[in-house]
Amino acid sequence: ESRGKRNARIELLPYHPDFQSDFASLNEQWISHYFKLEDADRPALENPQGYIIDPGGEIVFARDVESRDILGTCALVIRDKFVGELAKMAVSPAARGRGIGELLGEYILNEGKKRGLRTVMLETNGILAPALSLYRKLGFVQKPFPYRSSYGRADVYMECSLG
């Protein structure tokens, strides 16, 4: 089945305050399923406008065109002039396997390119095999952590060069 067909009824939408609860609940759902919510999660989930959007970042949502349900989300957090972070990617359990994570990831990388970023990095955990596979498919390469993560669950650091 082609990806276009799987996503024929999916639209990508930019952040709007009406979607803040979807952003929080989608992320809380997967984090709580595998790990536990950490203090480091709270600023982005409780105040995405102030923590991600206002400093120049982006949050995108995948919505089912027919049901209008928000099925997934992902953020681009600006770290400095040339580095962004792919963060808070979440897809609802019922919508997994439809290529939504790939659509969201491609969108974030394209946004990074548009903004002149040279690198997009991410932090994840080695038990999340489908996520790791997706990130590799998108062009991310695992590297040693260049710093100490603020997340206790993060044990994998990856970068994607946009150059």
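Helix α6 (residues 129-138) has four buried residues to start from: Leu132, Leu134, Tyr135 and Leu138. They span an arc of only 160 degrees around the axis, so they sit on the same side of α6. This is a predicted model.

**Helix α6 and its surroundings**

- The buried residues of α6 pack against β4, α5, β5 (119-124) and β7 (156-161).
- Pro130 and Lys137 are exposed, on the face of α6 turned away from its buried side.
- The side chain of Lys137 makes a polar contact of 3.1 Å with the side chain of Glu102.
- Glu102 belongs to helix α5 (residues 100-114).
- Glu102 has a relative accessible area of 11%, under the 20% limit, so Glu102 counts as buried.

**Nonpolar cores**

- The largest nonpolar core has 27 residues, and Leu86, Ile100, Leu104 and Phe140 touch the most other members.
- Two or more residues of this core come from each of β2, β3, β4, α5, β5, α6 and β7.
- Helix α5 gives the largest share of this core, five residues.
- Leaving aside neighbours within four places in sequence, Leu104 contacts a set of residues that includes Leu12, Val60, Phe61, Cys74, Met89 and Val91.
- Another core, of 20 residues, lies apart from the largest one; among its members are Phe23, Ala44, Leu45 and Ile59.

**Lys88: a buried lysine**

- Lys88 is located in strand β4 (residues 83-91).
- Its relative accessibility is 10%, so Lys88 counts as buried.
- The side chains of Lys88 and Tyr151 are joined by a polar contact of 3.1 Å.
- Beyond residues up to four places away in sequence, Lys88 touches Phe23, Asn27, Asp41, Ala44, Leu45, Thr73, Cys74, Ala75, Tyr151 and Arg153.
- The phi of Lys88 is near 55 degrees, a positive value in a residue other than glycine.

- Arg68 lies in the loop between β2 (58-64) and β3 (70-78).
- With a relative accessible area of 51%, Arg68 is exposed.

**Aromatic rings**

- There are nine aromatic pairs in the structure.
- One of them is Phe23 with Phe61: the ring centres are 6.4 Å apart and the planes stand at 75 degrees, so the pair is edge-to-face.
- Phe23 is in helix α2 (residues 20-34) and Phe61 is in strand β2, so this pair ties together parts that are 38 residues apart in sequence.
- Phe23 is buried, at 0% relative accessibility.
- Phe61 is buried too, with a relative accessible area of 0%.
- Phe145 and Tyr147 also pair edge-to-face, because their ring centres are 5.9 Å apart and their planes are at 85 degrees.
- Phe145 counts as partly exposed, at 27% relative accessibility.
- Tyr147 likewise counts as partly exposed, at 34% relative accessibility.
- Tyr15, Phe19, Phe23 and Phe61 make up one aromatic cluster.
- Arg118 sits over the face of Phe82, at 3.6 Å from the ring centre.

Note on methods. Residues are numbered from 1 along each chain as its sequence is written. This is a predicted model: local features need pLDDT of at least 70, side-chain atom pairs count only at pLDDT 80 or more; totals for chains, interfaces and linings use all residues. Side-chain values use heavy atoms; hydrogens and water are left out. Buried means under 20% relative accessible area, exposed over 50%, partly exposed in between (1.4 Å probe, protein chains only). A polar contact is a pair of N or O atoms within 3.5 Å; within protein, one must be able to donate a hydrogen and the other to accept it, and residues adjacent in sequence count only if both atoms are side-chain atoms. Contact means heavy atoms within 4.5 Å. The arc is that of the directions from the helix axis to the C-beta atoms. A nonpolar core is a set of buried Ala, Val, Leu, Ile, Met, Phe, Trp, Tyr and Cys residues joined through side-chain atoms within 4.5 Å. Rings of Phe, Tyr and Trp (its six-membered ring) pair if their centres lie within 6.5 Å; planes under 30 degrees apart count as stacked, over 60 as edge-to-face and the rest as tilted. A charge sits over a ring if NZ of Lys or CZ of Arg is within 6 Å of the ring centre and within 35 degrees of the ring normal.
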